[in-house]
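Here is a short briefing to read with the structure open beside you. Take your time, and find each residue on the screen as you go.

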Amino acid sequence: REGIAFETELKSDVAPIWEVVEAVAKAIGWENTHAMKDPTRAGLSNALNEIARKSNVGILVREADIPVKPEVRAASEMLGISPYDVANEGKIVMVVAREYAEEALEAMRKTKRGKDAAIIGEVIEEYRGKVLLETGIGGKRFMEPPAGDPVPRIC
């Protein structure tokens with residue numbers, strides 16, 4: 001986009017997510033699904049921050065557990081942006097009851113769109129309304145929502 005060309009196999013991630021949502025609901029019930037948001041606009045960091053803020057909870061995510069395609073990571077680094085701040089269509093961020101997390105993950109992975117699903121974090125008592133990112137080297141920092149508009153999109 002915008003005249004920037006990449007030599008990569010990136011393809012659009014636009015796709016319906018109902019199959020994944022329905023699979024989780026059938027597996028664990030709506031009552032055990034506490035929040036969900038698609039990261040279409042402003043990516044994972046915005047989706048997580050919105051959930052944390054609106055639910056008044058802290059969220060801790062582990063960078064090592066967030067599935068990011070190597071080509072997306074490379075394009076993000078080239079552009080100087082975080083892969084957590086770019087639009088990510090055809091995905092869903094869900095918060096489910098802790099005791100049902102593995103069951104929800106298994107249900108997601110049985111669907112076509114959810115095959116790469118992962119548990120990336122947990123709700124915590126501390127830092128209400130904020131998202132804390134545990135980095136690959138064990139440090140922690142706040143995962144801020146993206147600033148500016150429009151936020152870049154990498155398919």
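Helix 1 (residues 18-28) has these buried residues: Val20, Val21, Ala23, Val24, Ala25 and Ile28. Strand 1 (33-37), strand 3 (93-96) and helix 4 (101-109) are among the parts that cover them. Please keep in mind that this is a predicted model.

**Around helix 1**
- An α-helix has 3.6 residues a turn, so residues three or four places apart point the same way. You can look for this in the list of buried residues, which includes Val20, Val21 and Val24.
- Together with Trp30 and Met36, Trp18 makes a nonpolar surface patch of about 350 Å².
- Just after helix 1 comes Gly29, with a positive phi of about 85°.

**The whole protein**
- There are 4 helices and 6 strands in the protein.
- Of the 155 residues, 39% count as buried.
- The accessible surface comes to about 9300 Å², and carbon and sulfur atoms hold 51% of that.
- Among contacts with a separation of 6 or more, 78% are between residues 24 or more positions apart.

- Strands of a sheet pair through backbone hydrogen bonds, either parallel or antiparallel.
- Here you can find an open sheet of 4 strands, in the order 4-2-5-6, with mixed pairing.
- Which strands are at the edges? They are strand 4 (121-124) and strand 6 (140-142), each of which pairs on one side only.
- From one strand to the next, the twist averages 25°.
- Strand 5 (residues 131-134) pairs with strand 6 in the antiparallel sense, over 3 bridges, and Glu134 stands opposite Lys140 in strand 6.
- Helix 2 (residues 43-55) packs on the sheet, where helix 2 touches strand 2 (58-62) and strand 5. The direction of helix 2 makes about 150° with that of strand 2.

- Asn49 lies in helix 2. Is Asn49 buried or exposed? Asn49 is buried, because its relative accessible area of 5% is under 20%.
- Leaving out residues up to four places away in sequence, Asn49 touches Val131, Met143, Glu144 and Pro145.

**Residues with a positive phi in the loops**
- Ala42 sits in the loop between strand 1 and helix 2. Its phi is near 80°, a positive value in a residue other than glycine.
- With a relative accessible area of 8%, Ala42 is buried.
- Asn56 belongs to the loop between helix 2 and strand 2. Asn56 is not a glycine, yet has a positive phi of about 55°.
- At 43% relative accessibility, Asn56 counts as partly exposed.

**Salt bridges**
- Side chains of opposite charge can pair when their charged atoms come close.
- How many salt bridges does the structure hold? It holds 9.
- One of them joins the side chains of Glu50 and Lys37 (3.8 Å, N to O). Glu50 lies in helix 2 and Lys37 in strand 1, so this pair ties together parts that are 13 residues apart in sequence.
- Glu50 is buried at 18% relative accessible area, whereas Lys37 is partly exposed at 24%.
- The side chains of Glu122 and Arg62 also meet in a salt bridge (3.4 Å, N to O). This pair links distant parts of the chain, with Glu122 in strand 4 and Arg62 in strand 2, 60 residues apart.
- Lys115, which is exposed with a relative accessible area of 55%, forms a salt bridge with Asp116. The closest N and O atoms of this pair are 3.5 Å apart.

**Asp65 and its network**
- A network of salt bridges links Arg62, Asp65, Arg98 and Glu122.
- You can find Asp65 in the loop between strand 2 and helix 3 (70-79), and Asp65 counts as partly exposed at 31% relative accessibility.
- Asp65 and Ile120 are 55 residues apart along the chain, and their C-alpha atoms are separated by 5.0 Å.
- Apart from neighbours within four places in sequence, Asp65 is in contact with Ala118, Ile119 and Ile120.

Definitions and conventions
Residues are numbered from 1 along each chain as its sequence is written. This is a predicted model: local features need pLDDT of at least 70, side-chain atom pairs count only at pLDDT 80 or more; totals for chains, interfaces and linings use all residues. Side-chain values use heavy atoms; hydrogens and water are left out. Two strands pair if DSSP finds at least two bridges between them. Helices (H or I, at least four residues) and strands (E, at least two) are DSSP runs, numbered from the N terminus. Axes are lines fitted to C-alpha atoms, for helices over the stretch in contact, and angles run from 0 to 180 degrees between N-to-C directions. Contact means heavy atoms within 4.5 Å. Buried means under 20% relative accessible area, exposed over 50%, partly exposed in between (1.4 Å probe, protein chains only). Accessible areas come from the Shrake-Rupley method with a 1.4 Å probe; for residues, only the protein chains shown count as cover. Patches are made of residues with over 30% relative accessible area and no salt bridge: like charges are joined within 9 Å, nonpolar side chains (Val, Leu, Ile, Met, Phe, Trp, Tyr) within 5 Å. A salt bridge is a side-chain nitrogen of Lys or Arg within 4 Å of a carboxyl oxygen of Asp or Glu.
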